[in-house]
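Let us walk through one protein chain, step by step. Keep the sequence and the 3D view side by side as you read.

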Amino acid sequence: MSTSANDPRQPSTAKPYVPPTISTQDLPVDYSGFIAMVFGITGVMLRYKLCSWLAIILCAQSLANMKNFETDLKHISMAMMFAIMGLVTNYMGVARSGSSG
């Protein structure tokens, strides 16, 4: 039995898929970039190494999934600066003492 004789599809009427155009205002929020900013600020202010490392990882993820180049790059670079500042202050800054006095 031939499969081409029983195929009901018509290749002449098939149209290629064209995704709808979405404006830059309607794009979904970049949650990994926002969370990277929060972790970066937490790493700098509270001197948590884990938060700074998580901010670096989330910045890389946000950079890989960038939708709008101009605005996303500004947010990612800001989060990356906070993360790097947090790592520099944690590893090269003055060590915290566990006890006072």
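A nonpolar core is a set of buried Ala, Val, Leu, Ile, Met, Phe, Trp, Tyr and Cys residues joined through side-chain atoms within 4.5 Å. Buried means under 20% relative accessible area, exposed means over 50%, and partly exposed lies in between (1.4 Å probe, protein chains only). This is a predicted model: local features need pLDDT of at least 70, side-chain atom pairs count only at pLDDT 80 or more, and totals for chains, interfaces and linings use all residues. Residues are numbered from 1 along each chain as its sequence is written, and side-chain values use heavy atoms, with hydrogens and water left out.

Start with the whole chain. It has three helices and zero strands. Helices (H or I, at least four residues) and strands (E, at least two) are DSSP runs, numbered from the N terminus. In order from that end, the elements read α-α-α. Of the 101 residues, 22% count as buried. Contact means heavy atoms within 4.5 Å. Among contacts with a separation of 6 or more, 64% come from residues 24 or more positions apart.

Now look inside. Which residues form the largest nonpolar core? There are eight: Ala36, Met37, Val44, Leu58, Cys59, Ile76, Ala79 and Phe82. Helix 1 (31-46), helix 2 and helix 3 each supply at least two residues of this core. Take Ala79 from that list. Leaving aside residues up to four places away in sequence, Ala79 touches Gly33, Ala36, Met37 and Cys59.

Next, see how the helices pack. Axes are lines fitted to C-alpha atoms, for helices over the stretch in contact, and angles run from 0 to 180 degrees between N-to-C directions. The axes of helix 2 (residues 49-64) and helix 3 (residues 69-92) come within 9 Å and cross at roughly 155 degrees. Helix 2 and helix 3 are therefore roughly antiparallel. Helix 2 passes helix 3 in a left-handed crossing. Left-handed means that the near helix is turned anticlockwise from the far one by less than a right angle; clockwise would be right-handed. Residues of helix 2 in this contact include Trp53, Ile56 and Cys59, and those of helix 3 include Ile76, Ala83 and Leu87. The contact of helix 2 with helix 3 divides into 13 nonpolar, four polar and one charged. Here Ala, Val, Leu, Ile, Met, Phe, Trp, Tyr, Cys and Pro count as nonpolar, Asp, Glu, Lys and Arg as charged, and the others, Gly among them, as polar.

Turn to the other pair. Helix 1 and helix 3 pack at an angle of about 25 degrees, with axes 8 Å apart. Helix 1 and helix 3 are therefore roughly parallel. Their crossing is left-handed. By class, this contact has nine nonpolar, six polar and no charged residues.

Is Ser62 buried or exposed? Ser62, in helix 2, is buried, with a relative accessible area of 0%. Not counting residues up to four places away in sequence, Ser62 touches Asp30, Ser32, Gly33 and Ile76.

Arg47 lies in the loop between helix 1 and helix 2. At 23% relative accessibility, Arg47 is partly exposed. Arg47 has a positive phi of about 60 degrees, although it is not a glycine. Most residues other than glycine have a negative phi. Arg47 and Met85 are 38 residues apart in sequence and 10.0 Å apart in space, C-alpha to C-alpha.

How values were computed: Angles under 35 degrees count as roughly parallel, over 145 as roughly antiparallel, 65 to 115 as roughly perpendicular and the rest as oblique.
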